[in-house]
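Please keep the sequence and the structure at hand while reading.

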Amino acid sequence: MADYKAPLRDIRFVLNDVFEADKLWQSLPGLDGAIDAETADAMLEEAGKITSQTIAPLNRSGDEEGAQWNDGVVTTPTGFKEAYNVYAEGGWVGLGGNPNYGGLGMPKTLGVQVEEMVYGANNSFALYAALTAGCCLALDAHGSEELKNAYLPQLYSGTWAGTMCLTEPHAGTDLGIIRTRAVPQADGSYAVTGTKIFITGGEHDLTENIIHLVLAKLPDAPAGPKGISLFLVPKFMVNEDGSLGERNAVACGSIEHKMGIKGSATCVMNFDGAKGYLIGELNKGLNAMFTMMNYERLSIGIQGIGCSEASYQSAVDYARDRVQSRAPSGAQQPEKAADPIIVHPDVRRMLLTMKAMTEGSRAFSTYVAMQLDVSKFAEEPESKKNAEDLVALLTPVAKAFFTDVGLENCVHGQQVFGGHGYVREWGQEQLVRDVRIAQIYEGTNGIQALDLMGRKTVANGGAFFQVFAGEVRSFIEANGSEELAEFVKPLAAALTNLEELTALVIDRSRTNPNEVGAASVEYLHVFGYTAYAYMWAKMAKAARARLADDADGFHAAKLSTGRFFVKRLLPRIHSLSESVRAGSEPLFELDAAQF
């Protein structure tokens with residue numbers, strides 16, 4: 001198996017050439033002076049080293065050993081604790097954290113690059129830090145000053161870890177029916193009782209303490225989601241001087257035996273009158289939790305990018321070395337018994353699909369992160385509002401499309417290896433197993449599609465969509481030169497198609513509520529391919545500007561990859577669009593008994 005190498009050259013191209021992130025950072029009052037291109041480059045270089053040299057070597061061994069449960073105690077795979085200490089000491093857990101409480105305060109546009117590297121190196125390892133970062137986001141946005149001062153510094157430093165405890169055995173997507181209860185106590189705390197399942201990092205040996213964010217209902221709470229509150233429940237109580245006190249009444253009942261991400265402890269957590277503290281307002285817990293969801297769903301989407309990159313690196317190295325048969329056009333290496341398989345059209349199809357979609361994903365993740373930075377740090381009301389609307393619209397696309405693409409890419413990578421892709425030693429089968437979960441957790445991709453189509457598009461009459469479409473139209477109008485026509489014209493046609501689909505579903509949904517769900521998955525994919533066409537047009541523009549100093553052919557290769565996307569992958573929107581136009585009727589001709 002090829003060693004994972006952080007894709008720093010491509011990351012720098014996206015950040016510096018395509019999006020000119022440094023200019024964005026200097027324009028935002030909350031970031032001006034906190035980060036510049038030189039500092040960002042140094043941080044990326046260091047992140048590349050720790051992910052490639054410290055974290056990636058634990059990926060296969062961590063999968064084979066897995067997390068272990070013994071009478072409530074969870075042990076992570078050999079080497080994880082030492083690697084986590086190195087990662088935490090570098091400040092990476094608190095990379096985007098609030099500087100007032102010990103975080104580094106770095107922009108999300110930098111954070112997504114680091115996240116991709118960690119996921120590319122080791123999915124299981126990455127999840128422990130990702131959940132802690134999400135926990136910090138909700139606490140920082142909604143917690144009291146007392147809670148933030150007591151918990152955030154230790155979370156940002158990596159001394160403590162965090163979780164989010166939502167799902168229950170009977171309540172997954174429908175959180176309104178959770179049964180976990182929080183009973184007010186005389187000292188202002190709450191006694192939290194209930195069982196949560198599928199809790200990533202619910203118990204482990206990486207940190208001194210684990211801070212659980214738990215959704216629960218008071219006994220007299222309103223029914224449904226409007227009665228949910230959010231509570232901070234520590235594994236160990238925290239004394240006034242910051243030292244750890246007695247063990248709280250929270251325990252890990254078991255861990256799941258999973259298809260993949262085996263080094264990540266996925267726990268059943270039992271709360272038995274555990275002491276907890278309210279975060280935010282009573283009955284507003286979902287609002288508080290959703291503060292972190294845009295970030296968390298983007299992070300899980302990036303898991304798909306990281307796996308894609310790791311699979312591609314391994315597959316392309318193998319395709320250059322493995323010799324089988326001769327090229328259709330004649331022997332390319334006549335001195336050998338056969339040619340490397342990279343000469344064969346089908347192998348090139350798979351590799352180019354992986355390359356084009358992974359690089360498109362990386363650009364799009366950076367674009368979404370830019371919107372998060374603007375929505376957080378900008379002071380100008382219109383820019384802030386537009387960015388907020390784009391974040392709402394694009395987050396479900398990023399989570400679902402990145403991970404759907406991630407599985408497709410990893411399967412392609414496995415296929416390039418042939419039979420060797422099916423055995424453990426090459427690592428491709430692990431990537432397929434690991435990336436599969438990303439389509440399921442943090443809201444299944446079907447739910448993401450429903451969110452995009454229903455809440456983010458139909459519910460507001462396409463208002464969020466018009467913000468995105470308007471930006472793309474402006475780019476098309478400003479870049480009508482002949483040299484970019486091969487990218488801009490297909491983008492314009494794809495955008496027109498997406499606009500028509502959007503209007504069609506909005507119109508049909510007025511008389512048939514099934515139209516939203518029937519269109520949602522295919523619509524999200526059409527949106528994804530169209531968004532990538534926008535990304536590839538922007539990358540083509542940046543690459544063309546650098547052709548004069550393209551000594552190693554990097555920018556020429558970027559253009560060739562973009563052409564492959566436009567000619568071989570973007571046309572997928574036509575079949576997907578026809579499925580949307582077919583409407584909901586074919587889905588409802590059978591009654592339940594006929595299935």
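The model is predicted. Strand β4, residues 181-184, pairs with strand β5, residues 190-200, in the antiparallel sense, and 4 bridges join the two. Valine 183 has alanine 191 of β5 as its bridge partner. The hairpin formed by β4 and β5 has 5 residues between the strands, and glycine 188 in this hairpin adopts a positive phi near 95°.

Positive phi values also occur at glutamate 20 and at serine 325, neither of which is a glycine. The table sets out the values.

| Residue | Phi |
|---|---|
| Glycine 188 | near 95° |
| Glutamate 20 | near 45° |
| Serine 325 | about 65° |

Glutamate 20 belongs to the loop between α1 (8-18) and α2 (21-27). Its relative accessibility is 40%, so glutamate 20 counts as partly exposed. Serine 325 is found in the loop between α9 (285-321) and α10 (345-377).

Another loop, between β10 (250-255) and β11 (266-279), holds serine 264. Is serine 264 buried or exposed? Serine 264 is buried, because its relative accessible area is 1%, which falls under the 20% limit for buried residues. When neighbours within four places in sequence are set aside, serine 264 is in contact with Ala67, Ser124, Leu127, Tyr128, Thr200 and Lys258.

Notes. Residues numbered from 1 in each chain as written. Predicted model: local features only at pLDDT ≥ 70, side-chain atom pairs only at ≥ 80, totals over all residues. Heavy atoms only, no water. Pairing = 2+ DSSP bridges. Buried < 20%, exposed > 50% of the residue type's maximum accessible area, 1.4 Å probe, protein only. Contact = heavy atoms within 4.5 Å.
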